[in-house]
Amino acid sequence: MAESSLVDVVVTRRLDCELGDKAIEKLLCHCWTLHQGPPRRRVEIVFLGEKEHTALHEEFFQDSTPTDVMAFPFVEEEVFEREECPLFGEILVNVEMAATEAKLRKSDVAQELALYVVHGALHLLGFDDSNPRARKEMRVAEQRVLAD
């Protein structure tokens with residue numbers, strides 16, 4: 001199976017950003033290959049402004065502080081059985097935070113956005129960053145995907 005058939009990427013831009021659709025698809029496919037993502041799944045990625053992103057963070061996590069990325073896995077086994085390319089999860093990216101962080105780090109906004117997309121994809125694949133050990137494993141996994 002070709003790498004591009006591993007995951008179907010749907011991008012919604014509520015706020016424009018510097019990361020192109022082809023780059024996003026390549027990142028997700030590479031992440032899926034390296035970390036054994038299930039084949040023929042759909043991942044939706046939504047690029048949002050900070051106000052909308054933070055409102056959703058508060059709604060879903062009861063936390064009103066801004067965050068960089070949120071990932072929502074979709075687990076409904078009967079859908080997986082009847083759909084050819086079922087929804088695997090959704091990644092919400094805070095574009096304005098990426099621009100701010102890139103400026104602080106003196107790096108490229110597209111690189112920061114790529115990190116957020118990969119971070120969200122890894123969450124969908126089961127990675128956790130809630131404790132120091134898990135966070136270190138996630139950072140290694142992020143760098144492995146982004147290195148290519």
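Tutor: In this predicted model, α4 (95-105), α5 (109-124) and α6 each supply at least two residues of the lining of the second largest pocket.

Student: Which helix gives the largest share of that lining?

Tutor: The largest share, four residues, comes from α5, and the space in this second largest pocket is about 150 Å³.

Student: What makes Tyr 116 a lining residue of the second largest pocket?

Tutor: A lining residue has an atom within 4 Å of a point of the pocket; Tyr 116 is listed in this lining, together with residues including Asp 68, Met 97, His 119 and Arg 139, and therefore Tyr 116 has an atom within 4 Å of a point of this pocket.

Student: How do you know that Glu 101, Arg 105 and Asp 129 belong to the charged part of the lining?

Tutor: Asp, Glu, Lys and Arg count as charged, so these three residues of the lining fall in that class; the whole lining divides into three nonpolar, one polar and seven charged residues.

Student: How is the lining of the largest pocket divided by class?

Tutor: That lining has six nonpolar, one polar and three charged residues, and the pocket has a volume of about 190 Å³.

Student: Which residues lie nearest the centre of the largest pocket, and which elements contribute to its lining?

Tutor: Of the ten lining residues, Ala 23, Lys 26, Leu 27, Val 145 and Asp 148 lie nearest the centre; α1 (21-34) and α6 (132-146) are the elements that give two or more residues, with the largest share, four residues, coming from α1.

Methods: Residues numbered from 1 in each chain as written. Predicted model: local features only at pLDDT ≥ 70, side-chain atom pairs only at ≥ 80, totals over all residues. Heavy atoms only, no water. 1 Å grid on protein atoms, 1.4 Å probe; cavity = no way out; pocket = protein on both sides within 12 Å on 5 of 7 lines; lining within 4 Å. Points joined across faces, edges and corners; volume = space filled by probe spheres on them.
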